[in-house]
Amino acid sequence: MVLFNALAGESLAMAFPSALCIFSLLALVQAQSESQQPKIQLRLAGNKRKHYEGRLEVFYNNEWGTICDDDFSILAAQVACRELGFLGAVSWSPSAKFGQGEGRIWLDNVHCTGREKSLAECPSNGFGVSDCRHSEDVGVICNQKRIPGHRFINTMNNNVETLEERVEEIRIRPISSHLKRIPVTEGYVEIKERGKWRQICDEEWTPLNNRVVCGMYGFPGEKNYNNKVYKSLSMRKKKNYWGFSVNCTGNEAHLSSCRLGKPLELKRNGTCGRGLPVVVSCVPGRAFAPSSSTGFRKKMKFQPLVRLRGGSNIGEGRVEVLKNGVWGTVCDDNWNLRAATIVCRELGFGSAKEALTGAKLGQGMGPVHMNEVECSGFEKSLTDCYFNNDALGCSHEEDAAVRCNIPAMGFQKRIRLSGGRNPYEGRVEVLTEKNGSLVWGTVCSENWGMVEAMVVCRQLGLGFASYAFQVNLPIKVLTKCLSYADNVVMSGVRCSGTEMSLPQCLHHGKHISCPKGGGRFAAGVSCSDSAPDLVLNAQLVEHTTYLEDRPMYALQCALEENCLSSTAKKNDHSSYRRLLRFSSQIHNVGRSDFRPKLGYHAWTWHECHRHYHSMEVFTHYDLLSLNGTKVAEGHKASFCLEDTQCDEGIQKRYVCANFGEQGITVGCWDTYRHDIDCQWIDITDVKPGDYIFQVVINPNYDVAESDYSNNIMKCKCRYDGYRIWMYHCHTGELQKKNCVEVLPGQFKSH
């Protein structure tokens, strides 16, 4: 074959000498043009909330500069993102969305076809030729997945420390004695480059680098480790070092966002001077810390000043801050990864992977406590950061949220759904140890409810539960499923709703007892990535409370619907009942509409009031003694769920008239006026004194919500036998002043 090719080439040269000259000339011109291309380097900078987005900057002629948004397109963004080591671009942003840059505007009127290997190959006005201002700096959002095998090539002669190395993957590799520990908190830091795992030399390694590595793996802190063990191991094993050192500031979301240090000078024997492979030892948050007895430590009861609400998964949610005993939100002005990371670390997670704006995880209620937050990145709490107390102009449409890095706990590997119509639903099956081996089995559905289903969906990473049910599968499907997991392996499950996995809930352990809820009636769930969230307007309750003495002849319908105390049944029509009346305004601040659990066909018709009940019990109204004992109670049947009023720009969807659909739309609220039947508590038999007034929405968890903790409202109440005073109304549990009162100096503001 070689001989044939040689002869063919010789004969071609003799027959077409001019053709070969042309081909050679074209190849020479192409090679010269490639060699004459400007050498540039790209980076993402500015007010970015993710490591794969930001203002696009170019390093040219030993100076960093920006790119003008004139004629920029998604094709140019694709070229830039691939040059940065990402699979491609998701979108691009004009008008300095990620903040205005400084220095030169290197490129303007960039036109790319999308096939170029570098932005330098795309036609433009030329480097430094621009009539733009930095208010026109372009930004890009790249696909967060990196190109497999992509290798960063340093094209600059100087300022190597300002460049970013693009790597495929980073891991913490534990030594053999730590392999079974979950989560992995200690081990060698290794980088995957061109398909091979490599160690990092620790000569230039700093504690700030440890902070970044631990943060990206979901750990809030780092600690010292036994250096002798790793030194001994490194002496015995061959090492394969990465070619650079790393220089982090401690605020990066990912190690690949750190700047490069100097190139590594490896010796012939593969060592890095006097250095050894980098090892990190991370400190897990209290919820993830392993213990020898239970596997994981139970959450200690402490009162942080920050919490997350409305998130579908562990470590994400709307940021809420406690100030003077009242929870409020944070405005998203200047909200960035640095501030978000402070929140994540404060709550026992790692660094933030996203800083979300625009109420993407739902709108809160109440005050906006913080605005224009500025953090250095090393504060212990968000309340230690500087911020503006004045939140004028900030609405709950601007509530800030976070998504945090969390440790890899392996929860998803020990649970699955089977037999469903899609991956989001099915019978719950758990992996458990039986007779020395791991087997799949079902969960008993006795007392199985929405709270338990919420834990399952969270463990699977599927968001919120939309239904909790006893699985009654068709025979064909059942036969197929039961052949794999037909035994009940978990029973008596009772969850609080805060657990990260089903085994953390109370259950029977090895002593299984399931007389009615096994086999084809095992526990099942249906999950959803969004859910409603109902919150009662506490201030309206406080401002509309009053007493009314009403005759029994006007309360017959209420008596039939059990809206009066049991003693009312003995009264004649001429007697009176004393009613504690109030208005309630129930907002849906979640991310999906609140709909009754039952459809039209299952609604109950009540002849007396001439209406349908879509939920038999929608709220509980109770008057409690100071020790929590009920002294008077009443329930509010949900005879009509509708959109009484909505935020600006949101259309009403649910109206009860003419047997219409019932529900509460996201961003709307349902108002029950004080003069509606059953909108009261019967306090006829209550003695004067101090009490707690309590309202609980969706008390039986009949409908899934993203947050049940805000379904309760409590007020302090004083009754003297003639008048009543309602004060200190709070959504959620009443805060104990000695635990949560914010002291002077705890909040710093501009």
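Cys-344 has a relative accessibility of 0%, so this residue counts as buried (under 20% relative accessible area; exposed is over 50%, partly exposed in between, with a 1.4 Å probe and protein chains only). The structure is a predicted model: local features need pLDDT of at least 70, side-chain atom pairs count only at pLDDT 80 or more, and totals for chains, interfaces and linings use all residues. Residues are numbered from 1 along each chain as its sequence is written, and side-chain values use heavy atoms, leaving out hydrogens and water.

**Disulfides**

A disulfide is a covalent bond between the sulfur atoms of two cysteines. Here the term is applied to a pair of cysteine sulfur atoms within 2.5 Å. How many does a search of the whole structure find? The search finds 14 disulfides. The table lists some of them.

| Pair | S to S distance | S-S torsion |
|---|---|---|
| Cys-68 and Cys-132 | 2.0 Å | about -75° |
| Cys-331 and Cys-394 | 2.1 Å | about -80° |
| Cys-344 and Cys-404 | 2.0 Å | about -80° |

The torsion of Cys-344 and Cys-404 makes that disulfide left-handed. Cys-344 lies in helix H6 and Cys-404 in strand S20, so the pair ties together parts 60 residues apart in sequence. Helices (H or I, at least four residues) and strands (E, at least two) are DSSP runs, numbered from the N terminus. Cys-404 is buried too, at 2% relative accessibility.

Cys-331 and Cys-394 also form a left-handed disulfide. Cys-331 sits in the loop between strand S16 (326-330) and helix H6 (337-346). Cys-394 sits in the loop between strand S19 (386-388) and strand S20 (401-404). The two are 63 residues apart. Cys-331 is buried at 1%, and Cys-394 is buried at 14%.

The disulfide of Cys-68 and Cys-132 is left-handed as well. This pair links distant parts of the chain, 64 residues apart. Cys-68 is buried at 1%. Cys-132 is buried at 13%.

Cys-717 is buried, with a relative accessible area of 1%.

**A four-stranded sheet**

An open sheet has the strand order S27-S30-S36-S35, with antiparallel pairing. Strands S27 (534-536) and S35 (645-646) stand at the edges, each with a single partner, so one side of each lacks a neighbour in the sheet. Two strands pair if DSSP finds at least two bridges between them. S30 (residues 584-588) and S36 (residues 668-672) pair over four bridges. His-587 stands opposite Trp-669 in S36.
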